[in-house]
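Me: I would like to go through this structure feature by feature. Please give the general idea each time, then the case at hand.

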Amino acid sequence: MAEWSHRTPDGEHGEHGEHGEHSAEQTDSVPALPGWIVPRPRLTDQLARGVRGPLTVVVGPVGAGKTALGLEWAHTRRPPWPLAWVTCDGPAEHPGVFWQRVFGALRAAGVTVPEPASSDDGPLLVATLATCLNEHGDPSVLVLDDFQPALDSPIARGVTHLLRHAPDKLRLVVLARRDPPLHLYRGRLTSEVAEVRTADLAFDDREATALLAQHGIDVTKQTVSTLRRRADGWAAGLRLAAMSMERRGDPERFVAQLAGDDEAISSYLVEEVLDQQSPGMRRLLLTTSILDRVNAELAAELAGDTDGALFAGLVRENSFLRPVGQGWYRCHQMFADVLRTCLRHETPGLVAPLHRTAAAWLAGCGLLADAVRHLFAAGDGDEAARLIVHHLAIGQVLGLARTRLSVDAGRPSPDELPAEEPESALLAAAVARTRKDDQTCTTNLERSAELLDRLPQGEDDRVARCRLTHAVIRMERLRCHDPRRAGVAAADAEAAAPQVPHTLLADRPEIPALILTVRGSGELRAGSLKAAQASLTRGLKAAGAAGNGALRRDCLVELALLEALRGRFRAADELTAQAVQPPMPPWTAGEPSRATLHLVRAWGALARGEPVRARHELAHSEAALGKGSDTFLAELGGIVARIAGTVERGGRGAEAVANAVTVSRLPQTVQRTVAPTCARLLSPAQPHRAHAAAPPEQDPLAQVPAERLSARERDVLGRLAQMMTTEEIADELYLSVNTVKTHLKSVYRKLAVSRRSAAVRRARELQIL
């Protein structure tokens, strides 16, 4: 206990030895300034500004540093007015004792107030005090530390009346664990309340370093930051952790392992917070501790209507709950850990049912990730898998969607028994895929197919969702190295998709994005060029809606390859440029789009008369392609290499290129498309520049457009360059579709083009975009 006498875990104190002489000179009611307060000028500045108004409140949980902040401000930044300090008795404060203390503190500060005739007549005391304050020349500052009167109590009413009747002469500073019942909302409307709250009181890294230094602890900046985050900046938590670190030989390891169940921290929170609650409030705190965030409805679902009805009071009275928006609250991390530990020790059989109840409620509200996490916490991985498949959320597990669904807690171990439900096998396959474990992925896909065949009649909806999920996993796995089999999976997905609710599929844009990307790639390799262009363009839009940069990039480079086949090398260059611009994700090993990108670049280099550069790009393409099954790219690469060799030899061997196209394994439609492109590149009349292989409408014009584009036409053109549809442009610019079409016609006329892609290219040539 000796240590506690000079190092209060309240954390409301730090290091201020230089102010010791000043505190000794004080003759008023302000307590002495301890020499170990951590200086916090950013907060004393806030108080100094706030005290210019009638009311300043400092609200935070026990141990947040409220009293320490008040003392530091009072001794170092105090205003030039009398300052009276009253340390209250919390909720147990008696009105008569309270007003006696207020009068005595003001007299000690130099304010002329009479000795109260009767301490029982509260209204009379308030009226007398207001009169005295108004007659005093300067304003008076009154600090109420640990001010916790009940709502509408005599003390709360008296202080409210005092503020109302001495608004220009009283500067009230309240230090409390919860919002004081002093009509704060009214004060906020008139900007008459200054507030310092829990988030403001949280220590930053510099302050945490100073606190640790008081205990002789010197650790890295990263360790300090980790400790500060772990404690949510809570002063008492940092102080208690420092005390524990003093007794251990490896402070870095202690911080890495620190949890709320550290003995010193947990004992302090249990004694100072949990044991001070009513039985109903205690049960509410314990039952809701399993949640990362809680609202009133979910609290009632877990704790029951009776205890759940206490939630409003819990939010009002417990500063360990922080609002996170829309009626949700988050418990302080260390306090939540202590509550969970108490729950496990006191009622271990209640933990799993609470998690299941929370999961059911959260799933019903559409909060799938939270529901899945609670099911895994309850040890119910099969139900979590059923929920994921039922909601077609496997794309989130695979990382195809904008938000990722983490299922680390449910990862199967190698020696786990085979799944008995198709959904569990599918989730295991998806998890294996995220770990690049293709063998386990394949095994679980086969297992899920077996289990699906065993399902009884009448479960058509469940079967459709499982089959669609099965196809999605296969597509994601195969698209990187086996386009043909990926295409089969895409066909299976398209067959299953109509059997699931359309609204559900509409909420999962990553699934159609994957289907369209794989299908478009397959159509291109099959020679269905128009169909491929349609699928890939739609896939590009869907990938953007899903926030999937990798699929979006795949669509762009496949469209670029399509343009290169047709000899439209400027369009191909623009598409490949978009494919590598931020915020596209980094490349990963084995991505087919990488090989495609380099192949398109090689073709573009040949069109510009740069065979050496083309050879360089071809080498990169071959390396990226590896030993994959994409014979389409391999055949095209061989043709491009032949063209490069012919160009290097001055055009000798053009017939060999034509023969190579004819005998290739490319589809007939692709051969017919590629042959004229190759012929133009090798034509003696062409200087092998990009425009030589471009259609006539794509030839650059020497002169600038006769008319300038208007601001709105530039807006439309900019969105055209982003490959947005007319409807999307209209939506974004709040225009009608017809108005957008009118602007487009004007843009085409001014740029002397007739197509979208040509308009974008022309604008870039003229540096309009």
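**Reading the features**

Reply: Asp370 is buried, as its relative accessible area is 16%; buried means under 20%, exposed over 50% and partly exposed in between, with a 1.4 Å probe and protein chains only. The model is predicted, so local features need pLDDT of at least 70 and side-chain atom pairs count only at pLDDT 80 or more, while totals for chains, interfaces and linings use all residues. Residues are numbered from 1 along each chain as its sequence is written, and side-chain values use heavy atoms, with hydrogens and water left out.

Me: Where is Asp370 found, and with which residues is Asp370 in contact, leaving aside its neighbours within four places in sequence?

Reply: Contact means heavy atoms within 4.5 Å. Asp370 belongs to helix H20 (residues 368-377); helices (H or I, at least four residues) and strands (E, at least two) are DSSP runs numbered from the N terminus. Leaving aside neighbours within four places in sequence, Asp370 touches Arg293 and Leu362. Its side chain also makes a polar contact with the side chain of Arg373, at 2.6 Å. A polar contact is a pair of N or O atoms within 3.5 Å; within protein, one must be able to donate a hydrogen and the other to accept it, and residues adjacent in sequence count only if both atoms are side-chain atoms.

Me: Over which ring does the charged end of Arg293 sit?

Reply: A charge sits over a ring if NZ of Lys or CZ of Arg is within 6 Å of the ring centre and within 35 degrees of the ring normal. For Arg293 the ring is that of Trp328, with the charged end 4.4 Å from its centre.

Me: How many aromatic pairs does a search of the whole structure find?

Reply: A pair of aromatic rings is described by the distance of the centres and the angle of the planes. Rings of Phe, Tyr and Trp (its six-membered ring) pair if their centres lie within 6.5 Å; planes under 30 degrees apart count as stacked, over 60 as edge-to-face and the rest as tilted. The search of the whole structure finds five aromatic pairs. In one of them, the ring centres of Phe311 and Tyr329 are 5.9 Å apart and the planes stand at 70 degrees, so this pair is edge-to-face. Phe311 lies in helix H17 (residues 311-317) and Tyr329 in strand S7 (residues 328-331), so the pair ties together parts 18 residues apart in sequence. Both Phe311 and Tyr329 are buried.

Me: What are the distance and angle for Phe569 and Trp603?

Reply: Phe569 and Trp603 form a tilted pair, 6.4 Å centre to centre with 45 degrees between the planes. Phe569 in helix H31 (residues 569-580) and Trp603 in helix H32 (residues 592-607) are 34 residues apart, and the pair links distant parts of the chain. Both Phe569 and Trp603 are buried.

Me: At what angle do the axes of H15 and H16 cross?

Reply: Axes are lines fitted to C-alpha atoms, for helices over the stretch in contact, and angles run from 0 to 180 degrees between N-to-C directions. The axes of H15 (residues 279-288) and H16 (residues 296-308) come within 9 Å and cross at roughly 175 degrees. That makes H15 roughly antiparallel to H16; under 35 degrees counts as roughly parallel, over 145 as roughly antiparallel, 65 to 115 as roughly perpendicular and the rest as oblique. Among the residues that meet are Gly280 and Leu284 in H15, and Ala299 and Leu302 in H16.
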